[in-house]
Amino acid sequence: MNQKRTVFQKYIPALVLLVTLCLSFSLQAQDGKALFNNKCASCHAIDKKLVGPALKGVEDRWDDKAMLYDWVRNSAAVIKKGYPRAVAVYNEYNKVQMTAFPELKDADIDAILGYINTGGAKKDEGASTAAAGGADKAGDDDANLLYGILTLILAVIALILLQVNSNLRKMSDETEGTASAEPIPFYRNKAYIAIFAILLFLGGGYLTFQGAQGLGRSKNYQPEQPIYYSHTVHAGVNQISCLYCHGGAQESKHANIPSVNVCMNCHMGINEYAKGPKIYREDGTEVDGTAEIQKLYKFAGWNPDTKQYSGEGKPIEWIRIHNLPDHVYFNHAQHVNAGKQQCQTCHGEIQKMDEVYQFSDLSMGWCVNCHRETKVQFTDNKFYSIYEKFHEDMKNNKLDSVTVEKIGGTECQKCHY
Ligand code: HEC
Ligand code: HEC
Ligand code: HEC
Ligand code: HEC
Ligand code: HEC
Ligand code: HEC
């Protein structure tokens, strides 16, 4: 018998099924995320209040699913019908009318709810993601892990089915009396070996990738700090210059975190948080800014009633977020002062972050790519006066720009000790 043909006949459909299943699953989840980000994220986050409520667990709050669908398509109609949750949430949010989305079908809303239940499990709040310029957050990793596990389960099921199938075939061949080819033992069956190898490759690759990322690289890292200090309130709303607190970035290697004294310059006077917008933690609970300022006083050893220092202050142990490995040399002044790079290019829109997270992955590829692409502001920059030849060439129109790479920015020893 033509062994090759049967092998193909047997495995191709199963594989096709497997692949489509995986794809359709991930597509659906993707759609939910895209829909959420396009239509809902401007007003909703999963874990915290924005304009509207945090949507986590919303299905538990709406026992009537049809009402929930109708709400998304036209909330006013549901309020008119007097559905209790609708009326309650409408009043709670000062009768702000939610946008109507008549174009969304039940399946679309299911996809959004699905994304809310899975993709947004941890800290994937669409709005702040969009605000931070599309930095993808941890939710993606969770989703990837989920797909990985699902793929594995499906693959195992497919293998079992294939085994059953081939046994049945053998049995039927035997009953029919067909002289079947010598049965191939499991471990010598080429198709099994191929599938096994692919699985091993994918699994191994995934784990290695995760491991490599874990080695000091931690994009999106966002630890909880000893004081809930908001960059939105300080650098955003109150427009305090980054350099007021991180002056080091202008003239030295380190940007530095300000000491308690710097905070107290202002907070000897400002002892309550009253004027700024409401601020929320990741889990949606509101931050009591005044209580946080009290924490600052504890660290400073400041008595707000007597307006005196007790002398029992201690430094605030801020948890460090950005951290390059020891073998890499990075200098802020070189980038901020000589290179004229904006803080935001590397750190994202810090002035819109309540809690800072690591925006860039700080990988070698990230540094090198920027050095290849970025043209230095060559003329009228005292740092580049030593490059006489380049200046000559530019004058003679032989050269129209100088990238960081040209001045040595991709040489190993420039970045490595
Ligand atoms: C323009 C802002 C805005 C947009 C866009 C928006 N919503 Fe809302 N949503 C609100 C507000 C505000 C409320 C609170 C109720 C009210 O005031 O009407 C709300 C309430 C809800 C509720 C009820 C929550 C609860 O706790 O009971 C659901 C569900 C909901 N929105 C889903 C969505 C979905 C899904 C989308 C995207 C397709 C979306 N919303 C887009 C503003 C918005
Ligand atoms: C009033 C003081 C103050 C101002 C103004 C300020 N910061 Fe900060 N910054 C801090 C403090 C305190 C921390 C440490 C706590 C934290 O991570 O939130 C910090 C942390 C950071 C970090 C993370 C440091 C780490 O551990 O890796 C970055 C990046 C940063 N700031 C950038 C900026 C930028 C950019 C601006 C201007 C848009 C700015 N900061 C304005 C006080 C300030
Ligand atoms: C240049 C002045 C200035 C400096 C320096 C400053 N703050 Fe503030 N801080 C403010 C202002 C203004 C507010 C908002 C007050 C309001 O809106 O009522 C504020 C609010 C706060 C709040 C409440 C809101 C929030 O972010 O949680 C905390 C806590 C706080 N500051 C801590 C700090 C710490 C810690 C430092 C030092 C790293 C610091 N501040 C340095 C001016 C300053
Ligand atoms: C070219 C990219 C780049 C630019 C531009 C940049 N930073 Fe950084 N920043 C980094 C890197 C990389 C680190 C980690 C440094 C390390 O681990 O040694 C860092 C670390 C920090 C830290 C943590 C403390 C420290 O000194 O290591 C703060 C605070 C900070 N940056 C603030 C700023 C501010 C404020 C600006 C703008 C004035 C700025 N950065 C501009 C890349 C940049
Ligand atoms: C946003 C773009 C950008 C990123 C990201 C960036 N750099 Fe740079 N880098 C520059 C610019 C612009 C200069 C030119 C400044 C100068 O001439 O000193 C520069 C210069 C340097 C130099 C001096 C090169 C020379 O020939 O003197 C070193 C070293 C360096 N960068 C290290 C790093 C490291 C390490 C990282 C990653 C952790 C990094 N840079 C990430 C833009 C970037
Ligand atoms: C513009 C700066 C820059 C230049 C130029 C550069 N590196 Fe790196 N390199 C880095 C950074 C940043 C890391 C840390 C990456 C991380 O933590 O993931 C790194 C990491 C490494 C590592 C450790 C492995 C790893 O991925 O963590 C090796 C090995 C290395 N570099 C070799 C080189 C060699 C060889 C060259 C010259 C061809 C070179 N580097 C040029 C910035 C640079």
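A residue is near a molecule or strand if one of its heavy atoms lies within 4 Å of it. The model is predicted: local features need pLDDT of at least 70, side-chain atom pairs count only at pLDDT 80 or more, and totals for chains, interfaces and linings use all residues. Residues are numbered from 1 along each chain as its sequence is written, chains are lettered from A and ligands numbered from 1 in the order in which they are written, and side-chain values use heavy atoms, with hydrogens and water left out.

**View 1. Residues around ligand 1.** Of the 24 residues around ligand 1, those that come nearest are C40, C43, H44, V96 and M98.

View 2. A polar side-chain atom of H44 is 2.7 Å from a nitrogen atom of ligand 1. An oxygen atom of ligand 1 lies 2.7 Å from an N or O atom in the W62 side chain. For R85, a polar side-chain atom is 2.7 Å from an oxygen atom of ligand 1.

**View 3. Salt bridge between K65 and D110.** A salt bridge is a side-chain nitrogen of Lys or Arg within 4 Å of a carboxyl oxygen of Asp or Glu. In the pair K65 and D110, the closest N and O atoms are 3.3 Å apart. K65 lies in helix α3 and D110 in helix α6 (residues 106-117), so the pair ties together parts 45 residues apart in sequence. Helices (H or I, at least four residues) and strands (E, at least two) are DSSP runs, numbered from the N terminus.

**View 4. Salt-bridge network.** D70, R73, K81 and D106 are linked in a network of salt bridges. The closest N and O atoms of D106 and R73 are 2.9 Å apart.

Terms used
A polar contact is a pair of N or O atoms within 3.5 Å; within protein, one must be able to donate a hydrogen and the other to accept it, and residues adjacent in sequence count only if both atoms are side-chain atoms.
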